[in-house]
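Okay, thanks for coming, everyone. Let me put the model up and then I'll walk you through it.

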Amino acid sequence: MRPPADTMREPPVATTTGLAAVAGDAAAELEDIVHEYPDRSWGGEERPTHAVEAGVESGGVLAFPHLAFELSADEQRFLDPRWADAKAKNVSLRWPSGELRGAAGSPAELAALRHMIERYAEHSEALASRLFPHYRGHLRRGNSSLRPQSVAGRTRSWRQDDARLHIDAFPSNPMQGTRLLRVFCNVNPNGEARCWRVGEPFEAHARRYIGAIGRPWPGSAWWLATLGITKRRRTAYDHVMLRLHDLAKADGEFQRRSPQRRVDFAPGTTWVCFSDQVLHAVMAGQYLLEQTFYLEVEDLQQPATSPLRSLERLMGRALR
Ligand code: SIN
Ligand code: FE
């Protein structure tokens, strides 16, 4: 592992050929990350795919290549970056208030845009309820977002650069162990895939960096919350997750050479994963809808598979 300072300026060259360098077992494991299902409808009936909690909890990405989110003729106009206001990269609906953020337009236009994104939230909820009956009544609706910018050409600091493999963890929004389940749908009208890389299993990833994580400054969690930098207390768990996020993104050697594979999600594909567990990076694409759900560790079918429990096992102490 390289110290982060080495790689902070120069973005690593993304590779999609890492798989070739991976020994047999790791390669086979990566092949198994994406599970494809034939579903053509979002909610309702229990078929064809139902009760797949084990697949997603073990770090799988559940992909539905025939599950498109249909836009009306009128809504097609929202597939244009001009709807995102100058500062925001995404247009989002914040729940429970339902406030629309990051969008620019007339009141009537914004109402129609809001309606489209809200419909996506409802479709995602219907899908999650069918796929994961064990989570019914426990999933909490987080933000819904439309990502209208092209991934190519975005300039970001290394820490915000999602073209580097990472697990999701946010400096201002501590999860305190709560899971992040995300439903993505590629709504690109021009045939362009959303291209991801996915990487090694969570526990192997945590082992890679565990010696470099360190402890937070004493009192820092209290200060961060008191000054309003964090929305709630940054727990030991959040500290470790943020360090994993940063150490991975800053490590050029890891980005280039770690076990990884490329996955292209064609337009009309929906996919679901725990993004706090699956190593992922986005390499290309434009026009994505994304719905976040929160789930408590205790409400998983197998809480032992969660990042919180994995890290507690590895570190030999409670992290909440
Ligand atoms: C991410 O969550 O890192 C980005 C996913 C995407 O925009 O495709
Ligand atoms: Fe991410």
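Some ground rules before I go on. This is a predicted model, so local features need pLDDT of at least 70 and side-chain atom pairs count only at pLDDT 80 or more, while totals for chains, interfaces and linings use all residues. Residues are numbered from 1 along each chain as its sequence is written, and chains are lettered from A and ligands numbered from 1 in the order in which they are written. Helices (H or I, at least four residues) and strands (E, at least two) are DSSP runs numbered from the N terminus, and two strands pair if DSSP finds at least two bridges between them. For angles, axes are lines fitted to C-alpha atoms, for helices over the stretch in contact, and the values run from 0 to 180 degrees between N-to-C directions.

Strand 7 and strand 10 are joined antiparallel by four bridges, and Val 198 sits opposite His 280 of strand 10.

Strand 7 (residues 194–199) also holds Arg 194. Is Arg 194 buried or exposed? Arg 194 is buried, because 25 other C-beta atoms lie within 10 Å; the cut-offs are 20 or more for buried, 12 or fewer for exposed, and partly exposed in between, with C-beta atoms placed from the backbone. Leaving out residues up to four places away in sequence, Arg 194 touches Asn 186, Phe 265, Val 282, Gly 285 and Leu 288; contact means C-beta atoms, placed from the backbone, within 7 Å.

Now, which residues surround ligand 1? Arg 194 again, along with Arg 147, Asp 162, Asp 168, Ser 275, His 280, Val 282 and Leu 288; the test is a C-beta atom, placed from the backbone, within 6 Å of the ligand. That shell splits into four charged, two polar and two nonpolar residues. Here Asp, Glu, Lys and Arg count as charged, Ala, Val, Leu, Ile, Met, Phe, Trp, Tyr, Cys and Pro as nonpolar, and the others, Gly among them, as polar.

On to the other sheet, which is open too: eight strands, order 1-2-9-6-11-5-3-4, mixed pairing. Its edges are strand 1 and strand 4 (99–101), each pairing on one side only. The twist averages 20 degrees from one strand to the next. Helix 3 (residues 107–131) packs on this sheet, touching strands that include strand 2 and strand 5 (140–147), and its direction makes about 130 degrees with that of strand 5.

Look at strand 2 (residues 61–64): Val 61 and Ala 63 point one way, Leu 62 and Phe 64 the other, and all are buried. Strand 2 pairs parallel with strand 1 (residues 34–36) over three bridges, with Glu 36 opposite Ala 63. With strand 9 (residues 270–274), strand 2 pairs antiparallel over three bridges, and there Thr 270 is the bridge partner of Phe 64. Strand 9 also pairs antiparallel with strand 6 (residues 179–186), over five bridges.

That's my tour, so over to you.

Methods:
Contact = placed C-beta atoms within 7 Å.
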